[in-house]
Amino acid sequence: MPQAINVNTQKKALVLGAGGFIGSHLVRRLKRDGFWVRGADLKYPEFSETEADDFVIGDLREFDLCRNVLDCRFDEIYQLAADMGGAGYIFTGENDAEIMHNSATINLNILEAARRRNSRNIFYSSSACMYPAYNQEDPANPKTSEDSAYPAAPDSEYGWEKLFSERLYMAYARNHGFTVSVARYHNIFGPEGTWQGGREKAPAALCRKIALADKEIEVWGDGQQTRSFLSIDECIEGTVRLTRSSFPGPVNIGSEEMVTINQLAGMIIKISGKQLAVRNIPGPTGVRGRNSHNRLLREKLNWEPEQKLAVGLEKTYRWIESQVHRNARG
């Protein structure tokens, strides 16, 4: 059961998915901002102790658990919990039913529990995967402005669920007086993210491969597919700014520094100091091109990410390299 909250505490925040990569970093930020923080997830953070004042282990697909977690009115709720992963998990088609069912059930439960508790200031983490595949066929000129979402045609069931849930949150805002903030995240990466096991994303997967390699690494596809990647610190800053603004979104939170996947691999190889070849092999790749479009972000929040990709990759590679060596010693 959740722990009782000190009634004298002025600000309370709830982070759903607090055992995950983004969620655990967000808990730290909220603690620095002076919040009493409750986290909830299926698991504790994998790589460090949670800084949450209270942490509830449980399955958010169960409504009774959501009702127990939302046992008071929170000033801010951050809904990050989802069934997700990298290309090897999302784009094979083997996990589609679970992805859609699990994530949709969580969102339905959380919104209804929040409505019953009159706790109505909520952030939802959507994804750039909800953008139409037909606008992302040219790797040099992808279109991901927020107004390009329709006619809808995401390239995965993960993207379709994200689009449905965006509309769900906006419907609760219209019909039940919620203050909702929706961000479309673009490829968040950094230390303490999943780096092995099949759900890791491209930067972490490449860092792991390069840390382990002696001669070459394998990259799925022809390597000419493009993406932009946003460091976890910038992601958290954008998330908090959006939640505390008067703008509901949806809005992109991502970097406009677009690279090919082969270029990404080359950047990490350079950081590693190794001499490695890149061998492109068949594998799931998603859309041909994707890059954050930040005009609306700049206009509404008077802010955008500034950190160069190489800076975030340096931190991430060193952390994953240390994890690889630690596992080898273990």
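Modeller: Helices (H or I, at least four residues) and strands (E, at least two) are DSSP runs, numbered from the N terminus. This is a predicted model, with local features needing pLDDT of at least 70, side-chain atom pairs pLDDT 80 or more, and totals for chains, interfaces and linings using all residues. Residues are numbered from 1 along each chain, and side-chain values use heavy atoms without hydrogens or water.

Biologist: Which residue does a cis peptide bond join to P250?
Modeller: P250 sits in the loop between α7 (232–243) and β11 (251–253). Its cis bond, with omega about 0°, comes from G249.

Biologist: Where is P151, which a cis peptide bond joins to Y150?
Modeller: Omega of the Y150–P151 bond is about 0°. P151 belongs to the loop between β5 (121–127) and α5 (157–176).

Biologist: What is the phi of N302?
Modeller: N302 is in the loop between α9 (295–301) and α10 (309–329). Most residues other than glycine have a negative phi. N302 is not a glycine, yet its phi is positive, at about 55°.

Biologist: Which element gives the most to the lining of the largest cavity?
Modeller: A cavity is a set of points on a 1 Å grid over the protein atoms alone where a 1.4 Å probe fits but cannot get out; lining residues have an atom within 4 Å of a point. The largest has a volume of about 60 Å³, and its lining includes D233, G312, K315 and T316. Two or more lining residues come from each of α7 and α10. The most, 3 residues, come from α10.

Biologist: What is the volume of the second largest cavity?
Modeller: Among its lining residues are F189, F229, L230 and K308. Volume is the space filled by probe spheres set on the points, joined across faces, edges and corners. For the second largest cavity it is about 50 Å³.

Conventions. 1 Å grid on protein atoms, 1.4 Å probe; cavity = no way out; pocket = protein on both sides within 12 Å on 5 of 7 lines; lining within 4 Å.
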